[in-house]
Amino acid sequence: MAKLTSEQDLKKELAKGGFQRLYVLYGEEKYLVKHYTNTLVNKVTNKKSHPFDFMKLNANADLQEIYNACEQIPVFSEYKCVVVSDYDVESLSESDFKELDGYCKDISPSTVLIFSMPTLSEKKGGKFRRLVSTAEKVGIAAEFAKKGEIALEKQLVAWADKAGCTLTPVNASKIIALCGTDMTLLRSELQKLTAYANGGEITEEPIRLLTVKNTETRIFALSDAMMQGDFKGAYSQLAQLLEQNEKPEIILSTLGTVYIDMYRVRVANESGKSMAEVAKDFQYGKREFVLKKANAGAKRYSTATLRKALDIILQTDRKLKSTRADATVLLETLITRLMLALREEL
């Protein structure tokens, strides 16, 4: 039937009424995979998930369990709805996959079989692509990509409105800047904020006080303190990250990404390139917004200093991965060296 690549397309398809026999729901944005799996199940079962007419199988289900569930005749509903979550088709033998693929092409008209990937990062191997291809031909394959910042702002505003609260796009953008772009986390944080606002406006103060900052945001705060020459603030941010059990490798990797972004932006500015060109050349995709932060930071560094900073980070990375040196000491030394490199320039 079709491959769908947007929420709007799936909404239109579901609004038509009637159902396909096979659905494959997958993609990077796991919140949407889970949300539309539940939406589809509710529509198929008319919100009455009776055990005779609805069955949910996990990743450990064998093929015979799937077939048996699909072959049962619905009793209280028009369709038998079967959901198989996070099923790794790549782990099947070629003969077993061919058997499953053949079965999917000839499912009973009274059955709706849904392969949903709400947590599994699906492997884009040959078998999975073939399952998607089969769904495109006999049913629906829906892929949910990560949303861009503007789309997420609109989603947050809509969620707040539905909860009886007011949220401006500017403050929605601040939530995203602090929490990141994962929709599951954003939904959770907004529920906390709407409960606090209690029907009023969600303002900047509770956003900064109540939201859980993601690792990238906290490391941006660390890098900001460094760029401002704030030794105390930088070490305080590092201490918080380590106290919250963030892995030293993650801290170093994310900090390295911050400096790589700044270097790219700095070189682009010198060569007359736009942010859009940088985003396209280095495939930032939905993460293009990070270049705005990088641009502000890059103005404080010369190109030579950024190159020196990247070399210092690389040296630290090698020591962290190849020696038994204490990770905390390595990170503290890294911060000192980076801040001294900036001070040499000032």
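What follows is a short tour, from the whole chain down to single residues.

**Before you click**

This is a predicted model, in which local features need pLDDT of at least 70 and side-chain atom pairs count only at pLDDT 80 or more, while totals for chains, interfaces and linings use all residues. Residues are numbered from 1 along each chain as its sequence is written, and side-chain values use heavy atoms, with hydrogens and water left out.

**Stop 1: the whole protein**

Show everything as a cartoon. You're looking at 16 helices and six strands; these are DSSP runs (helices: H or I, at least four residues; strands: E, at least two), numbered from the N terminus. The C-alpha trace spans about 75 × 50 × 40 Å along its principal axes. Of the 346 residues, 45% count as buried. Here buried means under 20% relative accessible area, exposed means over 50%, and partly exposed is in between (1.4 Å probe, protein chains only).

Now think about contacts, meaning heavy atoms within 4.5 Å. Among contacts between residues at least 6 apart in sequence, 75% join residues at least 24 apart.

**Stop 2: Glu7 and its helix**

Select Glu7, which lies in helix α1 (residues 7–15). Is Glu7 buried or exposed? With a relative accessible area of 9%, Glu7 is buried. Show side chains, and you'll find that of Glu7 making a polar contact with the side chain of Lys147, at 2.7 Å. (A polar contact is a pair of N or O atoms within 3.5 Å; within protein, one must be able to donate a hydrogen and the other to accept it, and residues adjacent in sequence count only if both atoms are side-chain atoms.) Leaving out residues up to four places away in sequence, Glu7 touches Leu32, Tyr36, Phe144 and Lys147.

Axes are lines fitted to C-alpha atoms, for helices over the stretch in contact, and angles run from 0 to 180 degrees between N-to-C directions. To see the meeting place, select Glu7, Leu10, Lys11 and Leu14 in α1 together with Leu32, Tyr36, Thr39, Leu40 and Lys43 in α2.

**Stop 3: a crossing pair**

Jump to helix α12 (residues 248–270) and helix α14 (residues 290–298). They pack at an angle of about 75 degrees, with axes 8 Å apart. That makes α12 roughly perpendicular to α14. On the α12 side, select Asp261, Met262, Val265, Arg266 and Asn269; on the α14 side, the contact residues include Val290, Leu291 and Ala294.

**Stop 4**

Select Asp86, in the loop between β4 (80–85) and α4 (94–104). Asp86 isn't a glycine, yet it has a positive phi of about 55 degrees. Asp86 is buried, at a relative accessible area of 15%.

Then try Asn198, in the loop between α8 (183–197) and α9 (204–210). Asn198 is not a glycine either, and it has a positive phi of about 50 degrees. Asn198 counts as exposed, at 67% relative accessibility.

Finish with Arg287, in the loop between α13 (275–281) and α14. At 33% relative accessibility, Arg287 counts as partly exposed. How many residues apart in sequence are Arg287 and Glu149? They are 138 residues apart in sequence, and 8.0 Å apart in space, C-alpha to C-alpha.

Note on methods
Parallel < 35°, antiparallel > 145°, perpendicular 65-115°, else oblique.
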